[in-house]
Protein chains: 6
Amino acid sequence: MPAGELLHESSEAEGEVRVWAQIKTEVKRDAESEPALASYLYSTILSHSSLERSLSFHLGNKLCSSTLLSTLLYDLFLDAFSSDPSLRAATVADLCAVHERDPACVSFSHCLLNYKGFLACQAQRVAHKLWSQSRKPLALALQSRIADVFSVDIHPAARIGKGVLLDHATGVVVGETAVIGNNVSILHHVTLGGTGKVGGDRHPKIGDGVLIGAGATILGNVKIGEGAKIGAGSVVLIDVPPWTTAVGNPARLVGGKERPSKHEDVPGESMDHTSFMSEWSDYII
Amino acid sequence: MPAGELLHESSEAEGEVRVWAQIKTEVKRDAESEPALASYLYSTILSHSSLERSLSFHLGNKLCSSTLLSTLLYDLFLDAFSSDPSLRAATVADLCAVHERDPACVSFSHCLLNYKGFLACQAQRVAHKLWSQSRKPLALALQSRIADVFSVDIHPAARIGKGVLLDHATGVVVGETAVIGNNVSILHHVTLGGTGKVGGDRHPKIGDGVLIGAGATILGNVKIGEGAKIGAGSVVLIDVPPWTTAVGNPARLVGGKERPSKHEDVPGESMDHTSFMSEWSDYII
Amino acid sequence: MPAGELLHESSEAEGEVRVWAQIKTEVKRDAESEPALASYLYSTILSHSSLERSLSFHLGNKLCSSTLLSTLLYDLFLDAFSSDPSLRAATVADLCAVHERDPACVSFSHCLLNYKGFLACQAQRVAHKLWSQSRKPLALALQSRIADVFSVDIHPAARIGKGVLLDHATGVVVGETAVIGNNVSILHHVTLGGTGKVGGDRHPKIGDGVLIGAGATILGNVKIGEGAKIGAGSVVLIDVPPWTTAVGNPARLVGGKERPSKHEDVPGESMDHTSFMSEWSDYII
Amino acid sequence: MPAGELLHESSEAEGEVRVWAQIKTEVKRDAESEPALASYLYSTILSHSSLERSLSFHLGNKLCSSTLLSTLLYDLFLDAFSSDPSLRAATVADLCAVHERDPACVSFSHCLLNYKGFLACQAQRVAHKLWSQSRKPLALALQSRIADVFSVDIHPAARIGKGVLLDHATGVVVGETAVIGNNVSILHHVTLGGTGKVGGDRHPKIGDGVLIGAGATILGNVKIGEGAKIGAGSVVLIDVPPWTTAVGNPARLVGGKERPSKHEDVPGESMDHTSFMSEWSDYII
Amino acid sequence: MPAGELLHESSEAEGEVRVWAQIKTEVKRDAESEPALASYLYSTILSHSSLERSLSFHLGNKLCSSTLLSTLLYDLFLDAFSSDPSLRAATVADLCAVHERDPACVSFSHCLLNYKGFLACQAQRVAHKLWSQSRKPLALALQSRIADVFSVDIHPAARIGKGVLLDHATGVVVGETAVIGNNVSILHHVTLGGTGKVGGDRHPKIGDGVLIGAGATILGNVKIGEGAKIGAGSVVLIDVPPWTTAVGNPARLVGGKERPSKHEDVPGESMDHTSFMSEWSDYII
Amino acid sequence: MPAGELLHESSEAEGEVRVWAQIKTEVKRDAESEPALASYLYSTILSHSSLERSLSFHLGNKLCSSTLLSTLLYDLFLDAFSSDPSLRAATVADLCAVHERDPACVSFSHCLLNYKGFLACQAQRVAHKLWSQSRKPLALALQSRIADVFSVDIHPAARIGKGVLLDHATGVVVGETAVIGNNVSILHHVTLGGTGKVGGDRHPKIGDGVLIGAGATILGNVKIGEGAKIGAGSVVLIDVPPWTTAVGNPARLVGGKERPSKHEDVPGESMDHTSFMSEWSDYII
């Protein structure tokens with residue numbers, strides 16, 4: 001392993017330790033101030049010796065059912081998170097992304113305990129790992145539980161980067177051959193869907209730093225370029241160039257197809273949903 | 001307390017008693033005609049001595065999980081509803097709103113037992129009360145349970161008026177600084193969202209009597225004027241004047257920006273989703 | 001009973017037997033290769049002597065709550081499926097539809113176990129039967145459980161044909177007087193809604209073979225003609241002629257109102273979501 | 001089938017109908033007077049169409065665990081009781097025995113709902129049937145659940161007659177080759193045990209009409225003659241003649257070994273635990 | 001109310017406050033030292049504002065089943081304990097009795113959390129209250145749950161004094177007309193049983209300060225005099241004089257029938273099980 | 001570590017592997033022949049990679065409650081069994097003991113799945129380990145759960161040898177300072193109790209190879225010598241010499257106090273409960 005990777009791994013591990021320490025501090029304070037919640041906070045967080053144990057416990061209890069027991073799921077998640085540092089690094093990156101980008105997020109523990117998009121995403125990464133190991137029936141069973149419990153339906157074959165925010169998350173649908181880059185933010189009701197009943201590579205590819213607004217529908221093997229922004233409620237069926245903004249149904253580029261306006265910030269990180277408004281010529285209220 | 005308020009309180013209490021008596025009558029009839037449902041009807045309604053006990057029991061059982069026990073939630077809800085008459089008055093006003101406005105609603109008990117929008121709204125009001133008392137971690141835990149169970153994600157800081165109908169409700173998202181007036185009707189998949197990652201007052205303010213159609217997305221600290229109507233699937237990013245209708249993505253005012261058509265009925269109460277159709281010039285099928 | 005019907009019933013029963021045998025074969029293989037899932041597969045499928053018993057068990061466990069016990073629901077479903085061959089035939093037709101049309105569906109058992117749209121649809125058919133027998137409170141309680149668990153909200157009075165695919169399904173809302181034909185495919189977030197607070201016949205009628213894209217909203221007692229296609233995110237408020245494609249918000253016909261383009265394949269079966277793209281003149285990215 | 005048997009079956013079926021009607025009447029009255037219990041009474045009794053369905057539901061819910069689901073057990077019990085009239089006849093005979101012999105038993109429903117000895121006995125009879133069909137692992141799993149839940153540990157191979165009362169029942173242990181006759185009454189903590197580690201016929205044979213007092217221990221392949229009475233706390237290791245009374249540790253016959261006193265009533269029915277007292281010469285307080 | 005009673009009530013209330021404060025102190029220390037148990041300790045004790053709430057929660061969760069929900073039982077217990085100071089005084093007296101008499105009891109919270117005899121006794125007192133209010137079906141349902149969960153079967157009509165210790169408690173059976181005095185200690189497997197199938201007053205009356213050893217069986221309407229001691233495994237069928245010791249099967253008085261030995265300490269409090277040994281002439285190992 | 005211990009450890013590990021392989025073979029056969037039980041067998045045994053995982057899962061699910069979650073207990077048991085080979089060796093020795101000594105035991109898996117005495121004993125050993133590590137509140141909570149679920153109440157401080165059979169087990173009570181040797185067999189309702197309210201060493205010490213019959217009560221810091229036999233229902237208050245038999249209440253030695261009969265087999269292994277009968281002079285029926 002090259003030194004760079006080692007360094008990277010080590011700094012990721014440090015980040016994990018730091019975030020976990022921060023979470024414990026937050027939750028201890030909350031448990032003291034709110035006895036009614038203390039039992040929940042102890043069972044879910046404070047009784048565990050590591051972030052991966054706490055997360056595995058939480059996911060196991062959220063996703064279990066009368067026929068898929070919590071102990072089985074707990075084991076499954078713990079095994080995956082313990083053996084794969086990249087899963088843990090992605091978890092930490094997602095926690096940081098939510099904390100930084102969502103002004104309603106008051107703490108890391110707020111996200112870990114309560115964000116269904118965050119939890120769905122961590123569970124999907126484990127399902128993805130199972131899928132890659134050809135444990136497909138188990139991966140699909142997990143997908144089904146995530147879809148039932150969180151109303152987030154992401155195929156286990158889909159590839160998701162790090163530092164991803166699924167905000168609110170209800171109704172998100174992501175197809176089998178979709179790819180989501182790093183530092184992407186996706187609001188609720190967003191669809192990354194296919195085009196028909198033929199298999200093969202048929203779902204969107206979302207570049208790094210993209211922001212996709214609530215209710216946007218992106219269909220087919222189209223490419224949403226790095227740093228692009230997709231307005232809420234847009235319907236996108238063809239490629240969107242990097243650093244541009246597509247809005248409307250059917251979607252058009254702000255600034256026009258020929259010379260679309262380009263922004264410089266990373267929308268997946270800045271979370272600016274509406275500053276293009278004045279340029280959106282059709283908006284005529 | 002001024003006489004007026006006393007009178008008001010007393011008439012609200014009377015309304016509560018009347019609605020509860022009506023619910024018991026309905027449910028007794030149903031329990032007799034449908035033995036398979038009688039156990040559920042007795043445990044949820046007929047075994048309780050008041051509407052607030054029945055509702056607290058129902059919410060406690062709906063929202064509990066393996067780590068947040070039903071008894072804890074029951075206690076929490078009962079404490080809130082028992083001590084705050086305004087919460088109970090809002091419950092009764094919502095029951096009446098659903099019963100009056102939704103032709104599919106066959107009885108008060110139909111709403112109390114089955115409407116996830118109604119139940120999510122009552123639970124959010126308790127979460128809001130906790131938030132106002134600075135019991136934020138508990139309020140956020142409730143929000144999370146409501147979002148998991150009902151797929152309705154309303155921040156506990158959001159303020160919601162009385163006589164509100166959340167019809168079908170799946171996918172409704174309401175942000176931290178949103179305000180919803182009295183006698184508003186909101187369909188499923190409606191978003192009252194923010195504009196970015198900066199905190200502060202950043203969500204829509206919905207006036208009294210507004211109707212918001214299915215899948216409409218309203219973003220930013222914009223004002224939807226009293227009695228306005230937002231068409232299904234609309235994307236609204238700026239203010240909408242009172243008593244006007246906004247439709248489309250991007251939304252425009254029916255009748256035009258300069259001289260928008262004005263209606264006289266209260267759309268949040270009349271629930272007229274489509275009568276503007278003929279004036280919507282672009283609608284060209 | 002005429003010979004034709006007898007023949008039909010007999011071939012339906014044969015199809016049921018064949019599909020059930022196929023499901024058992026698939027699941028036995030999966031149970032052997034994945035011991036972690038074997039318990040779930042045995043309890044849900046392999047321990048049962050027929051498809052109707054397996055499905056009743058699965059629905060009973062998915063839809064039960066602390067106040068509506070699994071044994072009660074199991075009994076209810078088993079009674080309905082056992083006594084009504086047309087319910088079983090619809091189940092088999094739906095299984096075949098999903099298997100054929102969704103390239104992400106790897107097997108019949110994948111659908112039976114994991115597709116919330118499929119499961120919601122089977123449960124709704126039982127609720128519809130109860131509604132027809134005037135067991136309305138029970139039918140409405142089922143609707144409520146389906147809406148909570150699967151985020152699929154279909155009124156028990158709605159009539160649904162055979163060979164229906166509800167893909168992903170989260171957020172689907174179908175009103176009381178809606179009718180859905182045979183071989184229809186409906187994506188998630190689709191609304192077949194009403195127009196106001198007046199009762200009566202007020203919801204869409206969807207012809208055979210129709211395809212409705214993700215997030216489409218169809219409101220009012222409008223007729224979507226046989227073989228029509230509704231684009232993702234469309235808002236449809238008036239009739240759509242057979243074999244045409246409506247897109248956009250507000251929706252317009254591809255090819256124009258006067259001479260709309262007509263396709264020849266059955267979109268509900270071909271699942272072609274996007275081939276109309278080049279003809280959609282406004283799509284200008 | 002000879003006429004006599006037919007007659008017998010028909011009168012047993014009539015008894016079943018009469019007892020079930022009586023139970024429903026009792027429970028309806030209780031549900032009306034005690035709303036807090038009505039849900040339980042409806043789910044367990046009033047929502048069912050027959051005694052066998054009610055009993056199967058009750059046993060399924062009592063004996064289920066997180067790994068042995070109530071629906072599975074319900075199915076198992078219902079299948080057994082539905083297909084075997086002799087099981088149902090034994091249930092009715094036991095209900096009558098409890099009602100008649102235990103002055104603390106206020107009604108048939110009191111026994112059906114609350115007597116763990118009665119419930120354990122009905123479940124054991126089903127386990128015995130499974131054992132006879134060579135479904136031994138399932139029979140043993142049932143035995144284990146009965147032992148956990150009711151603290152009554154009866155081997156599924158043991159044969160139990162009709163009209164049996166297991167009063168209080170906690171701690172009753174009955175071995176593999178034990179036989180219990182008709183109209184026997186057995187108090188709690190009674191052991192019908194074996195003698196060592198060698199297999200074969202090694203447990204007691206209890207004649208018709210026997211009464212065995214609390215805490216009595218009977219070991220080995222000994223014969224307790226018809227109508228015999230075993231005093232509380234006795235330890236019996238050899239045969240006891242019919243219509244005699246054995247008391248003490250080690251047990252001796254009241255009246256002496258050579259000319260034991262004989263009673264004329266049936267102690268299993270008269271439940272007379274103490275009238276032998278004056279004859280028990282050693283009893284010297 | 002005479003001053004004496006007032007004083008008494010007030011000192012009982014003070015005792016309750018003191019014991020509750022002590023319990024909270026103990027449990028806080030345990031929660032800090034044992035994070036794995038903290039969730040349980042918070043939910044069961046630390047999140048509650050009073051002993052009666054904590055006890056009601058604990059009993060509700062212990063005794064609930066799939067058909068008798070924890071919220072219902074919690075309500076029932078809380079209602080009883082809140083409205084009846086004598087129930088609370090008995091609870092406190094029992095806590096003190098266990099703490100003082102059982103050397104294995106390390107703290108008040110140890111008893112409150114873990115002693116099935118203590119918990120069964122508190123629940124029986126509530127059942128007794130319901131019985132006295134003619135809510136017999138509910139009282140009997142409670143008895144049944146206590147018998148299933150704790151293997152302690154005490155008829156709700158039985159009257160139990162204060163300061164009672166049921167040590168280990170498994171298998172204790174107490175009949176309908178039994179009376180247990182104050183400061184009595186009863187070991188496991190003890191039976192206070194009846195004599196036959198005739199109703200009426202037919203169970204033992206246990207005087208103040210009595211000690212009954214493990215496995216003792218006392219049958220019939222006999223009187224166990226104040227301060228008497230019943231040896232382990234004894235079978236008692238007639239009266240036992242005050243301050244004497246009965247041992248054996250059949251039981252005899254230590255020291256002989258005519259001039260039985262008398263002790264001076266209160267055996268129910270001193271818990272001396274074996275000091276009579278040397279006087280027990282038959283004991284000849 | 002001396003070579004001998006290493007060898008011993010290695011042979012114990014081999015025994016563990018062999019027994020686990022045998023269990024899997026047995027259970028696979030049962031799962032194939034009994035589909036109704038297959039789900040239970042897979043979840044409890046076949047899905048696990050080792051005996052300690054299977055046992056931890058089984059105990060976690062048996063002993064969990066609504067306030068002590070299965071995942072927590074599973075973790076606790078797995079941690080103990082994984083880290084302590086002597087716990088695993090004791091488990092294997094107990095499995096062999098049951099299999100060899102109880103003719104009703106048909107297989108190792110029969111014991112692992114169904115014997116409450118076996119399961120209680122394994123759980124107690126983990127509680128004992130926690131007690132030794134000064135994790136007393138957790139150890140006592142486990143004791144309480146074992147007492148509730150299995151009606152077996154063994155103080156976590158008690159020391160239990162290997163190769164122990166608790167047959168039937170209901171009602172077994174073992175006090176804090178009791179010691180149980182290797183290859184001991186103890187029937188149900190057996191008490192190893194204390195003598196009063198003074199702490200310190202106050203419970204029986206049971207030598208290797210002892211057999212204690214059903215319902216025997218042994219009180220005080222007495223020594224039951226190696227290879228002794230205690231008859232069913234005996235009450236023992238003083239020492240019993242090795243290789244002798246004590247019977248009766250009060251117990252006496254078979255053969256007389258001065259020259260008691262001595263046997264040569266190991267009664268804890270031979271399980272001979274009754275061969276002393278002819279020598280028991282008082283046994284006069």
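# A walk around the chains

Start by selecting His188(A), which sits in the loop between β6 (185–186) and β7 (191–193) of chain A; helices here are DSSP runs of H or I with at least four residues, strands are runs of E with at least two, and both are numbered from the N terminus. This is a predicted model, where local features need pLDDT of at least 70 and side-chain atom pairs count only at pLDDT 80 or more, while totals for chains, interfaces and linings use all residues. Residues are numbered from 1 along each chain as its sequence is written, chains are lettered from A and ligands numbered from 1 in the order in which they are written, and side-chain values use heavy atoms, with hydrogens and water left out.

Is His188(A) buried or exposed? It is buried, at 1% relative accessibility (buried is under 20% relative accessible area, exposed over 50%, partly exposed in between, with a 1.4 Å probe and protein chains only). Now show what His188(A) touches beyond its neighbours within four places in sequence: among the contacts are Asp167(A), His168(A) and Gly215(A), plus Val173(B) and Thr191(B) from chain B (contact means heavy atoms within 4.5 Å).

Between chain A and chain B you can find 2 salt bridges (a side-chain nitrogen of Lys or Arg within 4 Å of a carboxyl oxygen of Asp or Glu). Select Glu34(A) and Arg135(B) to see a salt bridge with its closest N and O atoms 2.8 Å apart.

The copies use different surfaces, since 7% of the contact residues of chain A recur in chain B.

A rotation of 180° with 0.0 Å of shift along its axis superposes chain A on chain F (RMSD 0.0 Å), so the two are related as by a two-fold rotation axis. Thr71(A) has the C-alpha of chain A nearest the axis, 2.6 Å from it. This time the copies meet through the same surface, because 100% of the interface residues of chain A are also interface residues in chain F.

Next, select Arg53(C) and Asp75(D), a salt bridge with closest N and O atoms 3.1 Å apart. This pair crosses between chains, from helix α3 (residues 51–63) of chain C to helix α4 (residues 70–83) of chain D. Arg53(C) is partly exposed at 28%, and Asp75(D) is partly exposed at 21%.

Finish with the cysteines. How many disulfides are there over all chains? There are 0 (the cut-off is a pair of cysteine sulfur atoms within 2.5 Å). The sulfur of Cys64(B) is 11 Å from the closest cysteine sulfur, in Cys64(E), so it is too far for a bond.

Note on methods:
Least-squares fit on C-alpha atoms with pLDDT ≥ 70 in both.
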